[in-house]
Amino acid sequence: MVNTNEAFTRITGYSAAEVRGQNPRMLQSGRQPPELYAAMWQRLREEGHWQGEIWNRRKSGEVYAELLTITAIRNQRGEAENYVGLFSDITRQKEHERELERIANYDALTGLPNRRLLADRLHQALALSQRRGSTLAVVYLDLDGFKAVNDQHGHECGDELLIAIAQRMKHSVRDSDTICRLGGDEFVAVLQDLPDGSACMPFISRLLDACARSFNIGGRLLQVSASIGVALYPQRSEVDADQLMRQADQAMYEAKLAGKNRFHIFDPEQQRSTISRHAQLDAIRGALARDEFVLYYQPIVDLRQGRVVAAEALIRWQHPRRGLLSPAEFLPLIEDDPLAVQLGEWVIEAALRQQEAWQDAGLHIVSSVNIGSRQLQQPDFVERLKALLEAHPGVAPSRLKLEVLETSALEDITHVSRIIAECAALGVSFALDDFGTGYSSLLYLKRLPAAQIKIDQGFVRNMLEDPDDLAILEGILGLAAAFRREAIAEGVESDAHARMLLQLGCRLAQGYGIARPMPAQDLPRWVAAWRPAPELMSVAVLNREALPLLAAQVEYRAWARRMTEFLDGATDHAPDAPSAQATLLSLSVTKALCQAVQMEAAELVVHRRGRRMTALRAGRVVLTALLAQLGAELAALLESC
């Protein structure tokens, strides 16, 4: 090396004197193969310049990534006499890319591969099976009794159980196999390179055992089981990855019907359940022809302005014998059938007809319609939507908003992005539904030009007592603001939810605490009568410095709930003091009160373990009063922020 600048020293740690006269290979990390350097020098000899990314090593021994450009300096004879290298440290960028890759490919809760990475691994396993003539098993697993755990012990406990089950299952298969979490309590295992179909049996037994053994979660002994469906490849007829997944899912359903805690292997030669599914599809097709479907509407309100801005159209089946059926009882059956497109277009047309009726009655709000993945992927989706709008010229396209699940949008992000842009040109806006349950990365928000994001109700419903959900909610609202998207909070079940949302700067809301879905004819009356609680109108948005105080309030609520469970005997594990204790102790107004709460709690733990019931009852009265006082002080502090 002839000379260097200060930036070189700052990045590598070497001074100019230390490297002068040295060969640049002194910086090599050993990560690049010799072939890379051979290609680099060949390019320099032929073209006089080279650019690329390489890994080098600092003086401290730390490896770093750099973007390097080398240019040859030639003499009058055209011979290279020297080379100038310009580079920048891109280590942080590389780390950020790796983090984005992790978010995109792995489930945030369990750390297992997600649906996206599963698709890639399954296609690789199929190629391996075809190349080697080996057997592949797709194992679809659904937990039995998990909903009861969630309902009885809460989502936090349910999440811990899922994490524990995921770890057990991961250790039940080989490193070359893949365990993936699809979402909720559904998992898929891809067992590759098996000698034959029977070779998957030991792994399935281990998976069943991994789920059925009891788990100690927070002092509670919990037990669930699993229903497993298996699809094997190759088969007599050629099948692709999607078909294998559907077969395994169908086999899992058969295992459920057979009594749970067991497995069922899909038999391509005996698809008895297919006949049943065809009959169900025929029933839905007939219901559509007989006009048995109706739309219910759930209002979306602006809490800050106290007005109704939209209503989400939700389909119901008015079954002649079974009564009013929710969409969960029929929509999953048509998800992969062309009937999903027909029913989806019926919903849009019915919503536009209802818009005309509302406008005639003087009601002017936006109708929000859910669009399924199959319907959205239709190549002529925009043309068909345009035809539906033209059939109702009295309805402005801006009165229609389409909601698409975040996970559906990411199946083909390029196609969906184009669809959203073309619909925007018509005047129709889009919202990303259940935001936060998919990948929710910066890249996807940048590439999907939806006007709104609807925050999944799971985060909103639990934000009052779950610091993690509150943190996720804050993050999503921050993303929405950064990308200039409106945020709508689903799952608002009380004025307390509404208040906290307003404090966080989210004014659009929807949920049972505002209104349940209602028949179309009831909506105008409800809109005319609805008013938010008067105290909500004065709730101010918290400044950034006050957010730790809000988090502390939520964490104390969660701590109080866990302490109550311990004192009631529901668990033998006393909760530790909230991590927010430090935040609150910095506030002189609450310092003494926080210390009093923790001292009283410590005494109650002693009374509970010593079975001193009289002292326990008396102490609980004191603790309840102290917590009420602390809650009031925190609320007052937040009001003043």
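Ser 227 belongs to strand β9 (residues 225–233), and with 0% relative accessibility Ser 227 counts as buried (under 20% relative accessible area, with exposed over 50% and partly exposed in between; 1.4 Å probe, protein chains only).

## Model and overall fold

This is a predicted model, in which local features need pLDDT of at least 70 and side-chain atom pairs count only at pLDDT 80 or more, while totals for chains, interfaces and linings use all residues. Residues are numbered from 1 along each chain as its sequence is written, and side-chain values use heavy atoms, with hydrogens and water left out.

The protein chain contains 25 helices and 20 strands, taken as DSSP runs numbered from the N terminus (helices H or I, at least four residues; strands E, at least two). Of its 641 residues, 46% count as buried, and the C-alpha trace spans about 90 × 70 × 60 Å along its principal axes.

## Salt bridges

The structure has 34 salt bridges, each defined by a side-chain nitrogen of Lys or Arg within 4 Å of a carboxyl oxygen of Asp or Glu. In one of them, Arg 561 pairs with Glu 156, with the closest N and O atoms 3.8 Å apart; this pair links distant parts of the chain, since Arg 561 lies in helix α22 (residues 547–568) and Glu 156 in helix α7 (residues 155–170), 405 residues apart. Arg 561 is partly exposed at 28% relative accessibility, and Glu 156 is partly exposed at 33%. Both residues belong to a network of salt bridges that also links Arg 220, Glu 465 and Glu 565.

## Aromatic pairs

A search of the whole structure finds nine aromatic pairs, meaning rings of Phe, Tyr and Trp (its six-membered ring) with centres within 6.5 Å, where planes under 30 degrees apart count as stacked, over 60 as edge-to-face and the rest as tilted. The rings of Trp 526 and Trp 530 have centres 5.8 Å apart and planes at 20 degrees, so this pair is stacked; Trp 526 and Trp 530 are both buried. Elsewhere, Phe 293, Trp 317, Phe 330 and Trp 346 form one aromatic cluster.
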